[in-house]
Amino acid sequence: MPGCETAQHDYAVALSKSLLYFEAQRSGRLPPTQRVRWRGHSALNDGADHGVDLTGGYYDSGDNGKFGFPMAFTVTMLSWVVVEHGTRLAAAGELGHTLEAVRWGADYLARAHAAPETLYVQVGDGDSDHKCWERPEDMDTPRNSYMVNPSNPSSDVAAETAAALAAAAVVFSTPAPGGDRQYASTLLVHAKQLFEFAKNHRGLYQNSVPSVRSFYSSSGDELILQGKLPNDGHHAHLRSNLENFLCNIVQGRLTPGGMLYMQNWENNQAVTSTMFVLVTYADHLAAARASLQCGGVKLPPAQLVSFARAQVDYLLGKNPMRMSYMVGYGNRYPLQPHHRGASLPSINSKPGKITCNEGSDYFHRPGPNSNVIDGAIVGGPDANDHYNDSRGNYVQGEPSTYAVAPIVGVLARLLHR
């Protein structure tokens with residue numbers, strides 16, 4: 001199989017595929033406009049155990065659970081992408097698809113906020129789900145719903161959900177095409193109530209929902225919940241922290257092939273997020289005719305964007321493996337990403353139920369997955385630029401919504417200089 005192009009990447013194609021990925025991750029009843037045709041309706045009774053409608057939203061990665069924390073981050077990121085790069089997305093013909101991705105997640109988060117001080121933060125049991133290799137359309141693992149409330153607080157996930165809904169409200173408050181001020185107003189009401197809930201009832205996600213501990217454990221709630229900014233409210237302190245972080249990134253550890261290496265497990269998640277922050281801050285520096293000062297080195301905005309471009313080019317195939325780590329992009333990409341729905345035959349081609357045990361047979365089969373999950377970004381190679389394309393290699397091979405969301409903005413930025 002020939003390697004990917006290493007001179008110039010087609011960021012427009014990569015951008016389109018990255019947005020297709022979110023349609024592959026949809027839960028609930030799919031709309032007539034659904035473009036990923038190998039998917040079908042799924043999890044239509046989510047929330048029934050509590051008498052609430054928790055259908056919709058996104059499966060977070062290669063399994064069939066719905067977790068509030070990563071979904072809120074995903075919606076926050078996609079909304080931020082639109083705010084910063086909406087004009088570029090429109091020029092690429094992808095603003096509409098991005099707005100659809102934001103709304104699909106925001107709709108779910110608003111439904112999950114069932115009362116002013118009640119937020120549903122998980123549907124499904126991660127342990128049971130991980131023991132079963134099933135299509136979301138077939139799954140019969142427990143779909144328990146988990147909530148946080150004043151008796152079981154979770155200020156971290158409540159605040160992140162507030163941020164997601166507030167950011168989505170900004171996106172839809174515009175009078176431009178795609179805007180919906182009534183919808184934005186509804187989202188803002190949810191966001192304000194959740195923020196008050198988070199401030200008034202402090203606690204950590206995993207302490208109130210212990211089953212999430214081994215999946216999305218929180219490191220703590222947000223400083224802003226204390227009602228003040230650090231350093232007596234001076235934004236300069238926040239800016240200093242940001243610039244120190246970015247200096248550490250651009251002067252950080254690279255693999256021999258040139259990839260920023262930040263963590264052993266699913267490194268691409270960290271790469272895409274930091275590159276979004278880097279290109280976005282570079283634009284703000286350029287507007288102020290300023291540079292990033294890293295010790296005695298001054299880095300102009302163009303150099304920051306160049307660094308981000310090199311990382312994206314690595315991800316898309318300019319690497320020692322000559323492999324794109326975005327599924328479906330280029331001539332060579334992972335054929336066995338760790339993803340249940342993609343690895344099993346489509347419900348449309350094989351409508352009969354595939355049981356948990358039957359699914360295990362597909363898991364162990366050699367050869368490519370049954371469906372190409374376009375736009376999925378796998379965890380990525382190791383510190384020596386090596387990638388093992390094996391369905392069982394979830395450390396390197398599992399894609400996630402929160403790895404793909406940031407690169408939508410990065411690609412839009414690189415596509416339109």
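Author: Start with helix H11. This helix is mostly covered, with 17 of its 21 residues buried. Buried means under 20% relative accessible area, exposed means over 50%, and partly exposed lies in between (1.4 Å probe, protein chains only). Helices (H or I, at least four residues) and strands (E, at least two) are DSSP runs, numbered from the N terminus.

The model is predicted: local features need pLDDT of at least 70, side-chain atom pairs count only at pLDDT 80 or more, and totals for chains, interfaces and linings use all residues. Residues are numbered from 1 along each chain as its sequence is written, and side-chain values use heavy atoms, with hydrogens and water left out.

Now check the length of H11, residues 267-287. The expected span of a helix is 1.5 Å times one less than its number of residues. An α-helix has 3.6 residues a turn, so residues three or four places apart point the same way. After H11 comes Arg289, whose phi is positive, near 55°.

Next, the charged pairs. A salt bridge is a side-chain nitrogen of Lys or Arg within 4 Å of a carboxyl oxygen of Asp or Glu. By this rule the count is 15 salt bridges.

One of them joins Arg35 and Glu23, with the closest N and O atoms 2.8 Å apart. Arg35 sits in the loop between helix H1 (11-24) and strand S1 (66-67), and Glu23 sits in H1, so the pair ties together parts 12 residues apart in sequence. Arg35 is partly exposed, at 31% relative accessibility. Glu23 is buried, at 4%.

Lys353 pairs with Glu134, where the closest N and O atoms are 3.8 Å apart. Glu134 lies in the loop between helix H4 (126-130) and strand S3 (145-148), and Lys353 lies in the loop between helix H13 (340-343) and helix H14 (356-364), so this pair ties together parts 219 residues apart in sequence. Glu134 is buried, at 1% relative accessibility. Lys353 is partly exposed, at 42%.

Lys353 also pairs with Asp140, and here the closest N and O atoms are 3.3 Å apart. Asp140 lies in the loop between H4 and S3, so its pair with Lys353 ties together parts 213 residues apart in sequence. Asp140 is exposed, at 51% relative accessibility.

Finally, shared partners: salt bridges join Glu23, Arg26 and Arg35 into one network.
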